[in-house]
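Hi there,

Here is the structure I promised to pass on. Please have a look at it, and below you will find my notes on what turned up.

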Amino acid sequence: MKYQRRQFLQFVAGAAALHVTSSIASAQAYPSRPVRLVIGYTPGGSADLTSRLMGQWLSEKLGQSFVIENRPGGGTNIATEQVLRATPDGYTLLLVAPANAINATLYDKLPFDFMKEMEPIAGLIRFPNVVVVHPSLPIKSIPELIAYAKANPGKLNMASSGNGSTIHMSGELFKMLTGINMQHVPYRGGAPALTDMLSGQMHVMFDNLPTCAEHVKSGKLRGLAVTSTTRSDVLPDLPLVADFLPGYEASAWYGLAAPKGTPPEIIGTLNKAVNEILADPKAKTRFAEIGAILLPGSPADFGKLVADETEKWGKVVKFAGAKVD
């Protein structure tokens, strides 16, 4: 009996060692084939730009292709569910955005619990939105926007990249603090919304800075203010919304996540690669050009950011009564 018991214990110990060795070997080999980075937005917007930049740099650093897969629809929920239901092996990743934090309250029923079913990997960047209006409007400042909207309730169309996007909720927070009424018009992504802004079909947009900055500089759109707590080096002449509405702050941010159960060794490999990219002068320069603030840190740091944003925007959604069926 003692011999059999000793054999059993040796077997268990050997199996455990084999598992550890296999996990380490798997992490060392990762990635051994292309990785999919799924985003819940159409091509052409800031999410797409961010993911393609990071995808290119991750490919160069880790030696495998990071393929960007655009899966718009459902306020990013389609892309999110696809990733959360994927095999947790590190080969299907999600570009996390504020919509993932906002949707927890915006939707009455979701087929997933994002905070419980994802593994945070790393934060990427944060940048402000810009309050822009079409130049045909007699509006040149935030006070003038508020006055015009109050004098013309419901007549201003406010474009966004979709229900629950940071562009949408930046506008809802503005409406909440000013008491004005603007008609929200959601699009399937920032690019088509911006196209209609440029044509004059839409009047107001709280657009992501990277995608609207050149249009503001050229005069195709009129920038009124940025939504962050500090001025932007890209559009230094624009004041802050908070200069006129104390306490106002809204910013877009992006990070990476994987399905729950993804091996910690793989999470660590990706986090290390992302942080090395964010420390690279080439990446710093490129992100500075689009007005982005870098978000280096641990997986836990990024998880806390998502949790904090979920709480913040949940309050705004409830106050505004915004819902999506």
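In this predicted model, helix H7, residues 166–178, packs with helix H12, residues 299–320: their axes come within 10 Å and cross at roughly 60 degrees. That angle makes H7 oblique to H12, since angles from 65 to 115 degrees would be needed for roughly perpendicular. The crossing of the two helices, H7 and H12, is left-handed.

Which residues make up the contact of H7 with H12? From H7 come Met 169, Glu 172, Leu 173 and Met 176, and they meet Trp 313, Val 316, Val 317, Phe 319 and Ala 320 of H12. Sorted by type, the residues of this contact are eight nonpolar, no polar and one charged.

Pro 31 lies in the loop that runs between helix H1 (2–29) and strand E1 (35–39).

The other is Thr 76, which is not a glycine and yet has a positive phi of about 80 degrees. You will find Thr 76 in the loop between strand E2 (66–70) and helix H3 (77–84). Is Thr 76 buried or exposed? Its relative accessibility is 6%, so Thr 76 counts as buried, the cut-off for that being under 20%.

Happy browsing, and do write back with any thoughts.

Best wishes

Note on methods
Residues numbered from 1 in each chain as written. Predicted model: local features only at pLDDT ≥ 70, side-chain atom pairs only at ≥ 80, totals over all residues. Heavy atoms only, no water. Axes fitted to C-alpha atoms, helices over the stretch in contact; angles between N-to-C directions. Helix = DSSP H or I, 4+ residues; strand = E, 2+ residues; numbered from the N terminus. Parallel < 35°, antiparallel > 145°, perpendicular 65-115°, else oblique. Left-handed = near helix turned anticlockwise from the far one by under 90°. Contact = heavy atoms within 4.5 Å. Nonpolar A, V, L, I, M, F, W, Y, C, P; charged D, E, K, R; others polar. Buried < 20%, exposed > 50% of the residue type's maximum accessible area, 1.4 Å probe, protein only.
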